[in-house]
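This briefing accompanies the sequence and model displayed below.

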Amino acid sequence: MKKKEILYLINRYKTIINNNGLLNPIKLTMHGRICNILKNEDEWFPNVSELKEQFEVLKQELLQAIDENEKLIRDTAIVKKCDHQVRIKYYNPFAAYYECVLCGKFSPNRFFESKYDNNYTVNFIGGNVEDDDYIENEKYREKILNIILKILKKFNDDDEVDLVAEFSKISKEYKKYISYIDTNPRREENYILIIGGTNKFYLNNEDKIFINEDYESNTFDFLDYFRKLLNTKVGIIENEKELSNRKYDDMKKDKQLEFIKYDTIESLNKYLNELKEIPFKIIINLSSLFDFSVEDDEIVKHPYNLNLQEMFPGSHIINISKLSSKSIEEIKSFLSKQKEISYVKPDDDENYYYVQHDEVLESNINSTCESIKELVRRH
């Protein structure tokens with residue numbers, strides 16, 4: 001990253017920490033731990049008429065701190081560029097994990113953590129989180145940030161700064177803090193997400209009465225292709241019925257694949273939100289989702305569209321929809337309304353259809369997957 005980008009991340013962190021210190025008096029405390037900010041502003045200060053004016057001034061300062069923190073937390077453009085080169089490494093009885101010193105990000109979802117992710121990093125000693133010598137996060141992180149600020153002094157704002165190389169030069173000076181420095185180069189891994197299946201809609205939560213659509217899944221057709229790509233991990237989100245077949249049992253032993261089961265739209269969106277930070281190059285949406293409502297004593301279904309482009313703005317979204325008609329006019333009409341790259345697969349047809357230069361073309365499963373694979377290379 002450039003010096004000015006690293007400085008932004010450092011100042012971002014320090015501003016959030018300083019604001020949090022200011023906000024501590026209006027945070028709920030439970031069992032010695034600070035929790036959420038009190039939502040009712042009237043509870044922030046005691047009701048003392050003589051101090052009302054002073055409290056109003058403080059209130060405005062607190063509101064400004066809250067607003068500033070929210071803006072900085074939402075500002076993820078530079079945060080996403082962070083390569084997490086400088087880390088604090090922590091341990092517990094089950095695993096090791098790190099916190100990036102610059103952006104504060106913790107180790108990602110274990111499956112989607114690249115096997116090269118720990119290459120080319122400086123790792124500071126954080127200790128076992130359950131031991132008495134566990135190093136408190138904020139003060140320790142600030143010490144490391146101050147070392148980085150010293151390193152940055154010799155660089156201009158637009159200079160690229162290799163922090164691993166810089167720390168390698170001064171590692172003896174900070175030997176008691178640094179656990180190890182890894183200078184092995186990083187390699188890129190590709191991440192692909194395939195979403196398939198249909199959802200259940202529960203009419204009665206207690207009796208687990210639900211309705212859903214008949215649906216023939218083609219998730220494994222695409223998975224068979226993409227699981228063979230080198231340096232590629234594939235996540236599959238499917239409903240339980242499809243993942244109960246024998247093919248799934250054979251595949252779940254593959255360490256390059258991760259399977260997630262969902263049943264409702266709510267559970268599907270929950271899993272997608274948990275994956276938002278994963279840099280998927282391609283997301284293939286094969287799902288057929290419906291929301292249901294009761295209108296005039298009848299159950300009415302409405303197509304439900306996942307908001308994938310907003311959740312994963314850096315990914316290529318490929319929508320592959322089922323269509324009952326094989327009419328070229330209807331296929332073209334349907335595809336012309338789609339915002340993302342889209343295909344349709346008519347019922348009782350092995351082919352997939354797409355529009356190119358205002359013409360409807362068809363391709364088989366392998367040709368379709370080959371076209372999608374090209375997006376990985378161009379990403």
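In which helix is the place of Ile-17? Ile-17 belongs to helix α1, and it is described here from a predicted model, so that every value that follows is computed from predicted coordinates. The protein has 379 residues, of which 41% count as buried, and its secondary structure comes to 10 helices and 18 strands.

**Helix α1 and Ile-17**

- Helix α1 takes in residues 3-23, and because its 21 residues at 1.5 Å a residue should span 30 Å, the separation of 30 Å between its end C-alpha atoms agrees with expectation.
- The buried residues of α1 are Lys-3, Glu-5, Ile-6, Leu-9, Ile-10, Arg-12, Tyr-13, Ile-16, Ile-17, Asn-19 and Leu-23.
- Ile-17 has a relative accessible area of 19%, and it therefore counts as buried, given that the term applies under 20%.

**Helix α5**

- Helix α5 covers residues 219-226, and since 6 of its 8 residues are buried, it is largely enclosed by the rest of the structure.
- Those buried residues are Thr-219, Phe-220, Phe-222, Leu-223, Tyr-225 and Phe-226.

**Phe-312 and its surroundings**

- Phe-312 is found in the loop that runs between α8 (308-311) and β15 (316-323), and with a relative accessibility of 2% this loop residue counts as buried.
- When neighbours within four places in sequence are left aside, the residues in contact with Phe-312 are Leu-272, Leu-275, Lys-276, Phe-280, Ile-283 and Ile-317.
- The C-alpha atom of Phe-312 is separated by 8.2 Å from that of Glu-277, a residue 35 places away along the chain.

- His-84, in the loop between α2 (52-74) and β3 (86-91), has a phi near 55°, which is a positive value in a residue other than glycine.
- With a relative accessible area of 12%, His-84 is buried.
- Asp-358 likewise has a positive phi, of about 65°, although it is not a glycine, and it lies in the loop between β17 (352-356) and β18 (359-363).
- The relative accessible area of Asp-358 is 58%, and on that value the residue is exposed.

**Enclosed space**

- Rolling a probe the size of a water molecule over the atoms shows where empty space is left.
- A search of the whole structure finds 1 cavity of 30 Å³ or more, and the largest cavity holds about 40 Å³ of space.
- The lining of the largest cavity is made by Met-1, Ile-6, Asp-83, Gln-85, Val-86, Leu-102, Val-161 and Leu-163, and these residues divide into 6 nonpolar, 1 polar and 1 charged.
- Ile-6, one of the lining residues, is also among the buried residues of α1.

**Overall figures**

- Among contacts in the protein between residues at least 6 apart in sequence, 63% join residues that are at least 24 apart.
- The accessible surface of the protein comes to about 22,700 Å², and 47% of this surface belongs to carbon and sulfur atoms.

Definitions and conventions
Residues numbered from 1 in each chain as written. Predicted model: local features only at pLDDT ≥ 70, side-chain atom pairs only at ≥ 80, totals over all residues. Heavy atoms only, no water. Helix = DSSP H or I, 4+ residues; strand = E, 2+ residues; numbered from the N terminus. Expected span 1.5 Å × (residues − 1). Buried < 20%, exposed > 50% of the residue type's maximum accessible area, 1.4 Å probe, protein only. 1 Å grid on protein atoms, 1.4 Å probe; cavity = no way out; pocket = protein on both sides within 12 Å on 5 of 7 lines; lining within 4 Å. Points joined across faces, edges and corners; volume = space filled by probe spheres on them. Nonpolar A, V, L, I, M, F, W, Y, C, P; charged D, E, K, R; others polar. Contact = heavy atoms within 4.5 Å. Areas by Shrake-Rupley, 256 points an atom, 1.4 Å probe, with all protein chains shown as cover.
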